[in-house]
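My entries are kept in the order I looked things up.

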Amino acid sequence: QLQASGGGLVQPGGSLRLSCAASGIIDRIRAMLWYRQAPGKQRELVAAITSGGGTNYADSVKGRFTISRDYAKNTVYLRMNSLKPEDTAVYYCNADLRPHYWSFWEDHWGQGTLVTVSS
């Protein structure tokens with residue numbers, strides 16, 4: 001299971017850090033990702049980090065957001081700086097993991113955490 005936290009209300013130009021922890025029986029996690037969905041819009045990929053630490057970002061957040069990962073804690077973070085009103089959305093974490101070495105890989109989603117950027 002994935003548990004996301006860290007959302008809230010922040011003024012434009014402010015910062016927030018989102019966290020998402022994977023719990024339960026886990027043998028290995030491959031990619032961990034953050035998506036977001038703004039009201040009336042489709043869910044979009046914000047950032048991703050591979051098991052090897054490679055990262056990728058949406059053009060709209062490059063230079064402002066940083067994704068990182070604590071492998072020991074099975075946790076992914078999203079540091080968001082210079083926030084803009086258009087960053088307002090529900091942010092979801094996603095992980096590609098397997099519970100046991102003999103298991104199939106599974107796609108897991110967190111419950112979402114709301115980020116509101118407004119003055």
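Entry 1. I note that the model is predicted.

Entry 2. I looked up the secondary structure and found zero helices and 11 strands. Read along the sequence, the pattern is β-β-β-β-β-β-β-β-β-β-β.

Entry 3. I checked the dimensions. The C-alpha trace spans about 50 × 25 × 25 Å along its principal axes. The radius of gyration is 14 Å, which agrees with the value near 14 Å for a compact globule of 119 residues.

Entry 4. Of the 119 residues, 41% are buried. Among contacts with a separation of 6 or more, 54% join residues 24 or more positions apart.

Entry 5. I looked up the surface and the charges. The chain exposes about 6500 Å², and carbon and sulfur atoms supply 49% of that area. There are 13 positive and 9 negative charges, and their mean positions lie 4 Å apart.

Entry 6. I then turned to strand 3, residues 16-22. Which strands did I find paired with strand 3? Strand 1 (residues 2-5) pairs with strand 3 in the antiparallel sense over four bridges, and there Leu2 stands opposite Ala22. Strand 8 (residues 75-80) also pairs with strand 3 in the antiparallel sense, over six bridges; in this pairing Leu18 stands opposite Leu78.

Entry 7. Why is strand 3 described as largely enclosed by the rest of the structure? I counted a residue as buried when its relative accessible area is under 20%. Five of the seven residues of strand 3 are buried, so the description holds.

Terms used:
Residues numbered from 1 in each chain as written. Predicted model: local features only at pLDDT ≥ 70, side-chain atom pairs only at ≥ 80, totals over all residues. Heavy atoms only, no water. Buried < 20%, exposed > 50% of the residue type's maximum accessible area, 1.4 Å probe, protein only. Helix = DSSP H or I, 4+ residues; strand = E, 2+ residues; numbered from the N terminus. Pairing = 2+ DSSP bridges. Rg over C-alpha atoms; globule rule 2.2 N^0.38 Å. Contact = heavy atoms within 4.5 Å. Areas by Shrake-Rupley, 256 points an atom, 1.4 Å probe, with all protein chains shown as cover. Lys, Arg positive; Asp, Glu negative; His and termini not counted. Charge placed at Lys NZ, Arg CZ, Asp CG, Glu CD.
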